[in-house]
Amino acid sequence: MALQIQGVTKKFGNHVAVDDLSLEIPESEMFGFLGANGAGKTTTFRMILGLLEATNGKISWAGKPITYKESHLVGYLPEERGLYPKLTVKEQLIYLGRLRGMEKSEILKQLDYWLERFKVPEYLNKKVEELSKGNQQKIQFIASTIHRPKLLILDEPFSGLDPLNVELLKEAVLDLKNQGTSIVFASHRMEHVEELCEHLCIMHHGKPVVHGSLRDIKRSFGRKNVIIHADFDLDYLTSTRGVTKAKNTAEGIILQIDDEAVSQEILKQITGKGNVRKFILEEPSLNDIFIEKVGASYHE
Ligand code: ATP
């Protein structure tokens, strides 16, 4: 196990930001952290990195706490972006790479590689303040990973990026994972976590309300979706036994069902009623699960 969080609590005064959190984050994997605003994700990251001290509990990586000595093995893209605006990209990265014990020649080699890969080689000698927000973020991503960390923590890495840059960054993150980096990332974008992570947790009020492998989480949720596009009114289906939720869409309806067998009942009910253009039985999305689990506890 790469990273172990055992019974970790963080209090700010009387406020419990992280509440007795226990997680194991497997090695060479991508682990997703989901949670509403204020759920405790960033606080957890800061404790993993040793930037904040836990009130209680233990965090270890390969069996040992992460200290200053391991900083060359760890990379962090913080939520609040912070590059030096007046430095050029080259100056900035040399400075940060040197802090992690890299040789200047190696920094420049890696920097060329990454700027080329992110299709912005012309930024090498530009001042950070001259770059757009999204492009500054690409540079900060490079800064978090230029030293080839074994553990990479990314707080909202894709926010503010256009779709092409999201793809570039996703590919980079996947490559790093395939080369053996353990990656932990927080996101509000369910589809990114769904696409990239084998394991994940959904935090709520400092506790994981859902935790495990994506496949098991979906399976144990039990419910599925039936998507129907048809040329006739489908609203009558909402009263079918086993339909737990319904949402009208431009072309038809999405029904949430509590058991796969219900889909066959629905199929029977629409047969012979008119033209059906689409009938799909789908796994629940992470978004469905998030809304159900976090939404439900909002009202507790
Ligand atoms: P977001 O998705 O909005 O980034 P988050 O899950 O990262 O949220 P945290 O930033 O970890 O959430 O915050 C968790 C809770 O701890 C919040 O209620 C926040 O107000 C509180 N908190 C965080 N840092 C401090 C601090 N330095 N002092 C006091 N309270 C804090």
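This briefing walks through the sheet, the helix packing and the cavity of the structure above. The model is predicted, so to speak of local features a pLDDT of at least 70 is needed, side-chain atom pairs count only at pLDDT 80 or more, and totals for chains, interfaces and linings use all residues. Residues are numbered from 1 along each chain as its sequence is written, and side-chain values use heavy atoms, with hydrogens and water left out. Helices (H or I, at least four residues) and strands (E, at least two) are DSSP runs numbered from the N terminus.

- Six strands build an open sheet with mixed pairing, in the order 5-6-7-3-8-9; two strands pair if DSSP finds at least two bridges between them.
- Strand 5 (74-77) and strand 9 (207-213) are the edges, and each has a single partner strand, so one side of each lacks a neighbour in the sheet.
- On average, neighbouring strands of this sheet are turned by 15 degrees against each other, direction ignored.
- Strand 3 (residues 30-35) and strand 8 (residues 199-204) pair in the parallel sense over five bridges, and Leu34 has Ile202 of strand 8 as its bridge partner.

**Helices on the sheet**

- Helix 4 lies across strand 5 and strand 6 (151-155), running at about 165 degrees to strand 5; axes are lines fitted to C-alpha atoms, for helices over the stretch in contact, and angles run from 0 to 180 degrees between N-to-C directions.
- Helix 7 (residues 214-221) lies across strand 8 and strand 9, at about 110 degrees to strand 9.

**Helix 4 against helix 5**

- The axes of helix 4 (residues 133-145) and helix 5 (residues 163-178) come within 11 Å and cross at roughly 5 degrees.
- That makes helix 4 roughly parallel to helix 5 (angles under 35 degrees count as roughly parallel).
- Contact (heavy atoms within 4.5 Å) is made by Asn135, Lys138, Phe141 and Thr145 of helix 4, together with Asn165, Leu169, Ala172, Val173 and Leu176 of helix 5.
- Those contact residues divide into five nonpolar, three polar and one charged; Ala, Val, Leu, Ile, Met, Phe, Trp, Tyr, Cys and Pro count as nonpolar, Asp, Glu, Lys and Arg as charged, and the others, Gly among them, as polar.

**The cavity**

- The count comes to one cavity of 30 Å³ or more, a cavity being a set of points on a 1 Å grid over the protein atoms alone where a 1.4 Å probe fits but cannot get out.
- The largest cavity holds about 40 Å³ of space, a volume being the space filled by probe spheres set on the points, which are joined across faces, edges and corners.
- Its lining (residues with an atom within 4 Å of a point) consists of Tyr113, Trp114, Arg117, Arg148, Ala172, Asp175, Leu176 and Gln179.
- Helix 3 (104-117) and helix 5 each supply at least two residues of the lining of the largest cavity, which divides into four nonpolar, one polar and three charged residues.

Notes. Parallel < 35°, antiparallel > 145°, perpendicular 65-115°, else oblique. 1 Å grid on protein atoms, 1.4 Å probe; cavity = no way out; pocket = protein on both sides within 12 Å on 5 of 7 lines; lining within 4 Å.
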